[in-house]
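Please keep the sequence and the structure in view while reading.

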Amino acid sequence: MRETENGRDGQQRQHPYLVGAAGREKIKQLMSLGKPRQAILEFSSDNGLEIPAAQTIYRLLDSLDHTRWSIHNSVLEATVLAAQAQIQNSNMTMEERARLLNNIKPYLTIRNLQHLPLMLIAKNPTLITPDIRDMIRSDPDLYNSCAIKIKQELWRHDEMLFRQSMLPLILDYINNEQLADMSREISGNRARESARDHRNNSAFNEIALAVDGDIRLYMLTLGIIREELVKTNSPSLGVLRMDLVSAMYNNNAIDIIRDDICSPVARLLDLSVVKQAMDETRVQEIQGYFDGIDSDVVPFSEISLIFSSPYTRHLFARYILCTLEEIAPNAEVSTRYDDLSLPGAIITIGLSAFATIKDDLQKFPSLDRRISREFYQTMIEFIRASQRRDQSVGVHDQHQSGNGRSRLHRAGSFSVSAAALASVSEESGLCPTAGDIAILSELELARQVLYAYLLKRVASLDLGMLNVWLPELGRMVPVFLGISGEISSDADAGSDSLSAPSVALNLRVFAFEVDAFVQSLVTHVIETKGMATVILNSLPSDIDFDSDSNGEQSCINKIQTPLVQFLNQVARIRHCAHEQVIRFLAHCTAVVAAEFSLGSGPGTGSALANKESVICFIHAYTEYAAAHFVVDPPYINSLKHHYRELSQASFEQAFKYRVCQTNCPNASQFLK
C-alpha cells in the first residue's frame, strides 16, 4: 500500500508505509538496487528524524520539564491537526479523494484517528463504498460519530437502519412533556406563545435535521409517523406532521413540497396556527384545496393526520365559537350557518385520524347532524345570555379572541362579589338539557366548542356560566373516557399514590383534550386578573378546616364551588388535572401572599373576604390532593415540580397552614 501526494514540483510522489511486513519488504527492495550506500542516504533524507537543531530544542524542552513522551505526543497531535486541515482545505478532484479514502479507511477502526476519514467522507458522502458502509454499520460508536450527511447516505441504502435511527427520535418527541404541555393550551397568551415557539424544541429539530430535504427519507418518516399513530394514538404526531411540512418550506425543499400532496393545506393551516388567527378568507382557501383534489387520489390518511394536530383542532373550535357569537344576535335570519360546515368537518376528520389510518378508510367521516340542528342552537342561546350578562356587568373578554378580532378589555372591577358575578348568568335560567348532555357525551366536536366557550367565560369573569356547565362536564368525563370502577394504588409510583386508570387506545385523544381543557382553564384563571379572587370569595366561610381528616369525609368534598368539584372529579382519573390543581393552589397562595405583603389585614380594604379561611383551604386542598388524586409514574417529576412551586409560594404568615414538609404529611412525599 502507498500514500500519494503532490510534491513541490507538482509531480505525484509515492510514500511507502515503513511498518509491518510491507515495510520490511520495501527496505529490502531499496537495498538490493545495487547501490546500498546511495539508497541509505536517500532513504535517510526522506524519512530520517535528523532535524537541524533538534538536540538544541530537546535540551530546551528538557529544561522546561517536558518528557520525551509529551514531546512526541504533541508532535503527533500537531501532525494530526495538519492532516485534518489538509483534508478540510484540499482541492483534490473526486478521483483523488476516492483514492485517498481508500488509503486511509483502515483508520476508521482507530478511535483517535477515525475522525480523519470521516471528515473526508462528510465532504463527499457518495464516496462511501459497500465495505465502508458495512464497517460503519457494524460499529455503533463509529456510526454515532458520523455527521448527519454520512448517516443520510447510509440510510438511503439501508431503510432498516434509517428506521432504527428515526424511531427513537419520534418516540422522544411523543414523550416530550414540554411539547405536550405546549399543545394542551387551547387559547390565550400561552397558546399563542406555544404555537409560535414549540418548533424550537430539540426533539423536533433532530427529526427535521435527519430528513433535511431528502424526499425518500421524508416519505419514510411519514410512514413511521403513521405506524406510531396506530400504536399510540398520540396527538403529538399530528403536530409533528404539520411541523415537518413547515420545516420543508423553510428549507426550500422543492422536491418534497411538490410531491407531498398535503403540503399546500398543511402550509395554510400552519400560517394560521402560528398567528393563532383563522378567518373566512383562510377557510375559503382551505375549501379551495379540497375542491382542487382529484377525487380518485385523495390522501385520506395524510389529511386526517394533519388535521389531528391539537393546534388545528383548537383553532377551528375557536373559529366556530366566534362565528356563533356573530350569528347569535340575529340567529333567526343569519345566513352564516353554512360557514360552520367546513371547520366542523376539519375537526371531525382530525379526530378520526386513528381509525382512518388504522383501517385504511377511503372516505372522510360525515358530520353528525345533531351538531348543526341541536347543539349549535343550544350554544347560541347560551352565547346570547353571555352577551346580555357582559353588557349588564360591564365585563368583557380580557384576551384576544381566537379569530384575530380583538375584543374590549374588562371595563368593570373584579371587586364585584362572586355571588353578583355568578347570579347574572344563573338567573337566566338556562341549563343544558338531557339532549345536550347526550350530544356532549358522544361528540368531541361539541365538547371542543364548549371548551372554547367556557374559557372565554373565564376571561370575562363569568363564574356563573362555569357554575352551570362544569358540574355536567365533571360527571360526563368518565363516561366518554370509558372509565368505571375503583382506582387502585400503584406502588411503582414511588409512593402511596393512586395510579391513573387506563384509557382505551381509540379514546386517548378525548383524554388528551380533557387534560387540555383543565390546563387551559387553570391558565385562564391565572391570567385573568381577579378571577382567582372571585373563586376564592365563592368558597363557603363556615367550614371547619381544623377538624379535617383528609379522608372521604374531608371538608374539601363539602365545598360546593363547581370549579373545585370539577377539578376533584377529573383529578381522580387524570394526572394532568392533579398537576393543575397544585398549579391553581400555587397561584391562590400568591394572591394571598400579595395581600399580606401590601399590609392589608383581615379587616376592611381586602379583596379577599377571609384570608385566614383561604389559607386553611389551600392547606387542606393540598393534603387532600396528595392523598386522593392519581399519579402517572412517568410524569411524577413534573408533579413534584408543581408541589415544590406551591411550597415556595407559601409565606410565613400561614404558620401551621403553610405548605411544607413539616405541616403536610401527605404532600411531603412530593416535596422531597
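A surface patch is built from residues with over 30% relative accessible area and no salt bridge, and nonpolar side chains are joined into one patch within 5 Å. The structure examined here is a predicted model. The points below begin with the nonpolar residues and then turn to the salt bridges.

**Nonpolar residues at the surface**

- I27, M31 and I40 make up a nonpolar patch on the surface, and together they have about 250 Å² of accessible area.
- One of these residues, M31, belongs to helix α1, which covers residues 20–31.
- M31 has a relative accessible area of 37% and is therefore classed as partly exposed, since that class lies between the limits of 20% and 50%.

**The nonpolar core**

- In soluble globular proteins, nonpolar side chains tend to be buried together.
- The largest nonpolar core of this model contains 186 residues.
- Within this core, the residues with the most contacts are I286, Y453, F517, F617 and Y621.
- Leaving aside residues up to four places away in sequence, I286 touches V265, L268, L269, M278, F316, L342 and I346.

**Salt bridges within a helix**

- Side chains of opposite charge can pair when their charged atoms come close.
- The count of salt bridges in the model is 42.
- R99 and E95 form a salt bridge in which the closest N and O atoms are 3.7 Å apart.
- Both R99 and E95 lie in helix α5 (residues 94–104), where four residues, or about one turn of the helix, separate them.
- R99 is partly exposed at 33% relative accessible area, whereas E95 is exposed at 58%.
- D270 and R267 form another salt bridge, with the closest N and O atoms 4.0 Å apart.
- D270 and R267 are separated by about one helical turn because they stand three residues apart in helix α17 (residues 263–275).
- D270 is buried, with a relative accessible area of 4%, while R267 is partly exposed at 23%.

- The side chains of R137 and D158 meet in a salt bridge, with an N to O distance of 2.7 Å.
- This pair links distant parts of the chain, 21 residues apart: R137 is in helix α7 (residues 130–137), and D158 is in the loop between α9 (148–157) and α10 (159–174).
- R137 is partly exposed at 37% relative accessible area, but D158 counts as buried at 14%.

**A network of charged residues**

- Salt bridges link E177, D181, R184, E185 and R190 in a network.

Notes
Residues are numbered from 1 along each chain as its sequence is written. This is a predicted model: local features need pLDDT of at least 70, side-chain atom pairs count only at pLDDT 80 or more; totals for chains, interfaces and linings use all residues. Side-chain values use heavy atoms; hydrogens and water are left out. Patches are made of residues with over 30% relative accessible area and no salt bridge: like charges are joined within 9 Å, nonpolar side chains (Val, Leu, Ile, Met, Phe, Trp, Tyr) within 5 Å. Accessible areas come from the Shrake-Rupley method with a 1.4 Å probe; for residues, only the protein chains shown count as cover. Helices (H or I, at least four residues) and strands (E, at least two) are DSSP runs, numbered from the N terminus. Buried means under 20% relative accessible area, exposed over 50%, partly exposed in between (1.4 Å probe, protein chains only). A nonpolar core is a set of buried Ala, Val, Leu, Ile, Met, Phe, Trp, Tyr and Cys residues joined through side-chain atoms within 4.5 Å. Contact means heavy atoms within 4.5 Å.
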